[in-house]
Amino acid sequence: MNLKNIQDMWKEDSVIDDIELDASSLQVPRLHAKYTEILSNKKLELIRHERMMKELNKDKWLWYTGKMSKEDIEFRKWEYDPFDGLTVLKSDYDKFTGADKDVQDLNDKIEYLRITVDYLQDIVSQITWRHQTIKNIIEWRKFMAGS
């Protein structure tokens with residue numbers, strides 16, 4: 001499930017039926033369960049990708065420093081000379097790692113997951129306080145009716 005799917009679901013689920021406030025109130029536990037399940041799954045996916053990034057950084061460091069075995073390089077289908085014949089200082093390895101396409105692609109996935117997790121946390125927070133919104137609607141109606 002991607003962020004766009006979650007956003008579309010929330011557009012539909014976030015609507016409070018102001019005619020049947022009791023039905024909207026009864027939806028709160030179902031919505032909470034639905035979005036906390038999605039949130040927990042996305043958090044686990046984020047943790048998995050962060051671990052993959054650590055492994056990739058280690059492998060890239062081995063590759064850039066010339067410490068990776070020929071078999072591992074062949075297995076990954078990487079070039080034997082990551083610098084194309086350039087002489088690079090050890091202090092500059094991080095510049096190459098940061099610009100590496102594999103690292104950037106995985107970093108993009110991690111950032112996407114972080115944005116998704118943040119969005120889901122906002123949704124769960126809104127659901128948690130939804131009863132207060134419903135109560136405020138009821139109180140406003142009582143006020144407008146003169147009670």
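Me: How many salt bridges does the structure hold?
Reply: Quick heads-up: this is a predicted model, where local features need pLDDT of at least 70, side-chain atom pairs count only at pLDDT 80 or more, and totals for chains, interfaces and linings use all residues. Residues are numbered from 1 along each chain as its sequence is written, and side-chain values use heavy atoms, with hydrogens and water left out. A salt bridge here is a side-chain nitrogen of Lys or Arg within 4 Å of a carboxyl oxygen of Asp or Glu. By that rule, the number of salt bridges is 15.

Me: R51 forms a salt bridge with which residue?
Reply: Look in helix 2 (residues 21–64), where the two partners sit four residues apart, so about one helical turn separates them. Helices are DSSP runs (H or I, at least four residues), numbered from the N terminus. R51 is partly exposed at 45% relative accessible area, partly exposed being the range between buried (under 20%) and exposed (over 50%), with a 1.4 Å probe and protein chains only. The closest N and O atoms are 3.4 Å apart, and the partner is E55.

Me: How far apart are the closest N and O atoms of D72 and R76?
Reply: D72 and R76 are four residues apart in helix 3 (residues 70–76), so they are separated by about one helical turn. D72 is partly exposed at 35%, and R76 is partly exposed too, at 26%. Their salt bridge has its closest N and O atoms apart by 4.0 Å.

Me: Which residues are linked with D72 and R76 in a network of salt bridges?
Reply: The D72 and R76 pair forms a salt bridge. Also linked in the network are K58 and D59.

Conventions: Helix = DSSP H or I, 4+ residues; strand = E, 2+ residues; numbered from the N terminus.
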